[in-house]
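User: I am new to this structure and would like to learn how to read it. Could you take me through some features one by one?

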Amino acid sequence: MKKLRPLRDQVLVRRFESETKSSGGIVLPGKTEKTNRGEVVAVGAGRIDKSGNPVEMVVRTGDQVIFGGYHSDSNTVKLEGVEHVLMPESDILAIIESE
């Protein structure tokens with residue numbers, strides 16, 4: 001199994017598959033939109049601020065997240081047939097927490 005280790009403030013997110021059914025159970029045919037949710041697979045060491053001090057990453061491996069921004073094919077990586085997105089931590093909008 002190949003591993004990818006993000007650098008600096010980069011985060012590797014395994015994108016969840018798009019929903020093919022609505023919450024009411026209706027099948028949504030032909031829905032090919034990519035979801036903006038995923039699971040953090042790997043994180044970089046963090047960035048360095050202007051004073052040269054390390055800034056710790058907020059997200060952790062295993063976090064389920066919602067991310068924004070446009071991620072082109074150049075940011076998309078397939079690892080063992082599964083689509084992942086490489087993005088800066090600042091593109092992550094929220095961490096999904098269970099109750």
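User: Is asparagine 36 buried, partly exposed or exposed?

Analyst: Buried means under 20% relative accessible area, exposed means over 50%, and partly exposed lies in between (1.4 Å probe, protein chains only). Asparagine 36 is partly exposed, at 36%. This is a predicted model: local features need pLDDT of at least 70, side-chain atom pairs count only at pLDDT 80 or more, and totals for chains, interfaces and linings use all residues. Residues are numbered from 1 along each chain as its sequence is written, and side-chain values use heavy atoms, with hydrogens and water left out.

User: Where is asparagine 36 found, and what does asparagine 36 touch?

Analyst: Strands (E, at least two residues) and helices (H or I, at least four) are DSSP runs, numbered from the N terminus. Asparagine 36 sits in the loop between β1 and β2 (37–43). Contact means heavy atoms within 4.5 Å. Not counting residues up to four places away in sequence, asparagine 36 touches Val65, Ile66 and Phe67. Its C-alpha atom is 9.7 Å from that of tyrosine 70, 34 residues apart along the chain.

User: Which strands pair with β7?

Analyst: Two strands pair if DSSP finds at least two bridges between them. β1 (10–15) runs antiparallel to β7, joined by five bridges. There, valine 11 stands opposite methionine 87. β6 also pairs with β7 in the antiparallel sense, over four bridges. In that pair, leucine 79 faces valine 82.

User: What phi does glutamate 80 take in the hairpin of β6 and β7?

Analyst: The hairpin has two residues between its strands, and glutamate 80 takes a positive phi near 50 degrees. This residue is not a glycine. Its place is the loop between β6 (76–79) and β7 (82–88). Glutamate 80 is exposed, with a relative accessible area of 58%.

User: Which residues make up the largest nonpolar core?

Analyst: A nonpolar core is a set of buried Ala, Val, Leu, Ile, Met, Phe, Trp, Tyr and Cys residues joined through side-chain atoms within 4.5 Å. The largest one here has ten residues: Val11, Val13, Val40, Met57, Val59, Val65, Phe67, Val85, Met87 and Ile92. β1, β5 (64–67) and β7 each give two or more residues to this core. In a regular strand, side chains alternate between the two faces of the sheet.

User: Is histidine 84 buried or exposed?

Analyst: Histidine 84, in strand β7, is buried, with a relative accessible area of 6%. A polar contact is a pair of N or O atoms within 3.5 Å; within protein, one must be able to donate a hydrogen and the other to accept it, and residues adjacent in sequence count only if both atoms are side-chain atoms. The side chain of histidine 84 reaches the backbone oxygen of valine 82 at 2.9 Å.

User: What about aspartate 63: where is it found, and what does its side chain reach?

Analyst: Aspartate 63 is in the loop between β4 (54–55) and β5. Its side chain reaches the backbone nitrogen of arginine 60 at 2.8 Å. A salt bridge is a side-chain nitrogen of Lys or Arg within 4 Å of a carboxyl oxygen of Asp or Glu. Lys and Arg count as positive and Asp and Glu as negative; His and the chain ends are not counted. Aspartate 63 is buried yet has no salt bridge, and the nearest side chain of opposite charge, arginine 60, is 6.5 Å away.
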